[in-house]
Amino acid sequence: MARQIQHPGNPGRGKFKIYIGMSAGVGKSYRMLQEAHALLRNGVNVQIGYIETHGRKETEALVAGLPVIPRRQNFYKGKRMDEMDLGAILLLSPEWVVVDELAHTNIPGSRNEKRWQDVMEILRAGINVISAVNIQHMESINAQVKAITGVEVHERVPDSMLQLADEVVNIDLTADELITRLKEGKIYDPGKVETALRNFFQSEKILQLRELALKEVASQVERKVVAEVPKNRQMRHERFLACVSSNDETARRVIRKTARLAAYYQGEWYALYVQTPKESTGRINLAAQRHLINNLKLATELGAEVLQVQHANVAEAIMETAAQKEITTVCIGKPHITLFGILLRTNIFNQLLKTLSAHETDLVILS
């Protein structure tokens with residue numbers, strides 16, 4: 001499964017596409033090579049600047065038939081090492097170039113310290129780049145990755161590279177699918193499989209890295225939408241407002257059901273308590289006050305931002321808060337005399353409905 005975002009390229013700079021995944025073996029290099037073949041069939045001048053097959057037969061098979069720019073051979077500490085030939089790429093100036101292993105550190109003495117810096121230079125030359133990186137190599141989540149895997153990743157890519165990209169495509173597999181690929185020898189040599197299963201390739205670690213990858217792409221989508229889609233054409237994100245009173249049982253029911261709604265729609269949510277003069281400090285009884293405090297604490301634990309407003313008119317306070325927080329759904333409990341019962345016998349409730357309707361805000365009465 002792939003999730004993709006894109007935005008128009010900057011004039012004078014090459015287009016930049018990144019395949020991102022939760023770990024090695026999800027199929028990033030494979031997908032890049034598939035795309036290179038598709039470009040070649042369409043008569044596009046595409047070349048392989050650097051590809052790392054890791055000895056995977058299905059990936060190596062896809063290299064056949066693609067024009068490959070020979071690697072540059074260097075000696076470091078008495079060993080011969082092959083590196084991407086940046087100079088040759090710039091000289092040949094293909095329309096598209098595939099550059100794998102974005103987080104790679106070049107050997108000392110290279111033109112740039114990091115491969116992502118090589119990619120920046122290629123893009124500035126007007127050449128389009130297809131590249132790939134694992135989520136654990138992103139700079140800002142380095143500490144989270146260490147907490148999940150117990151390993152500190154030293155080869156890192158600044159988050160600005162994802163923000164620079166014209167397209168970000170998430171290559172996604174389930175934890176079970178990835179572990180199956182490992183056991184079938186499609187990721188590492190058979191001799192390394194058992195060690196990998198005892199260390200990195202554990203289901204709980206893979207799931208957490210998968211979550212990080214999905215969240216990163218989702219946040220990129222949100223940033224691109226905000227930056228590039230006119231506000232009046234943007235899809236509204238779900239935001240819920242749970243209206244709670246000092247009525248213990250009803251408030252808890254509203255809080256829990258709103259929390260489930262917010263989780264289902266992956267939206268933000270708020271818990272609003274409107275303190276009327278009748279429930280001002282000193283006038284509200286101690287039992288009701290204790291229940292209210294516990295319920296607002298529950299809302300916080302379930303992920304809500306708690307809002308406490310002093311207002312003589314509950315309906316007006318709800319309308320003002322809904323407008324201020326750009327709420328999409330207002331959730332209230334079944335009307336009872338201490339909070340909403342009075343509203344049903346006045347025009348204020350009708351005013352609430354009209355106001356919410358005018359802002360395309362839904363009103364949900366939770367039983």
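Phe-200 is partly exposed, because its relative accessibility is 22% and the partly exposed class falls between buried (under 20% relative accessible area) and exposed (over 50%), using a 1.4 Å probe and protein chains only. The model is a predicted one, in which local features need pLDDT of at least 70, side-chain atom pairs count only at pLDDT 80 or more, and totals for chains, interfaces and linings use all residues. Residues are numbered from 1 along each chain as its sequence is written, and side-chain values use heavy atoms, with hydrogens and water left out.

Two aromatic pairs were found in a search of the whole structure. In one, the ring centres of Tyr-188 and Phe-201 lie 5.9 Å apart, and the planes meet at 90 degrees, so the pair is edge-to-face. Rings of Phe, Tyr and Trp (its six-membered ring) pair if their centres lie within 6.5 Å; planes under 30 degrees apart are stacked, over 60 edge-to-face, and the rest tilted. This pair links distant parts of the chain, 13 residues apart. Tyr-188 is in the loop between helix 7 (175–183) and helix 8 (190–198), and Phe-201 is in the loop between helix 8 and helix 9 (203–228). Helices (H or I, at least four residues) and strands (E, at least two) are DSSP runs, numbered from the N terminus.

Phe-201 is buried, at 3% relative accessible area. Tyr-188 is partly exposed, at 29%. Phe-200 and Phe-201 also pair: their ring centres are 5.1 Å apart and their planes are at 70 degrees, so this pair is edge-to-face. Tyr-188, Phe-200 and Phe-201 form one aromatic cluster.

Helix 10 (residues 248–265) packs with helix 11 (residues 286–301) at about 5 degrees, with the axes 10 Å apart. Axes are lines fitted to C-alpha atoms, for helices over the stretch in contact, and angles run from 0 to 180 degrees between N-to-C directions. Helix 10 is therefore roughly parallel to helix 11 (under 35 degrees; over 145 is roughly antiparallel, 65 to 115 roughly perpendicular, the rest oblique). Helix 10 contributes Asp-248, Ala-251, Arg-252, Ile-255 and Arg-256 to the contact, defined as heavy atoms within 4.5 Å. Helix 11 contributes His-291, Asn-295, Leu-298 and Ala-299.

Thr-329 is found in strand 12 (residues 329–333). Thr-329 is buried, with 6% relative accessible area. Not counting residues up to four places away in sequence, Thr-329 touches Glu-238, Arg-239, Phe-240, Leu-241, Thr-361, Asp-362 and Val-364.
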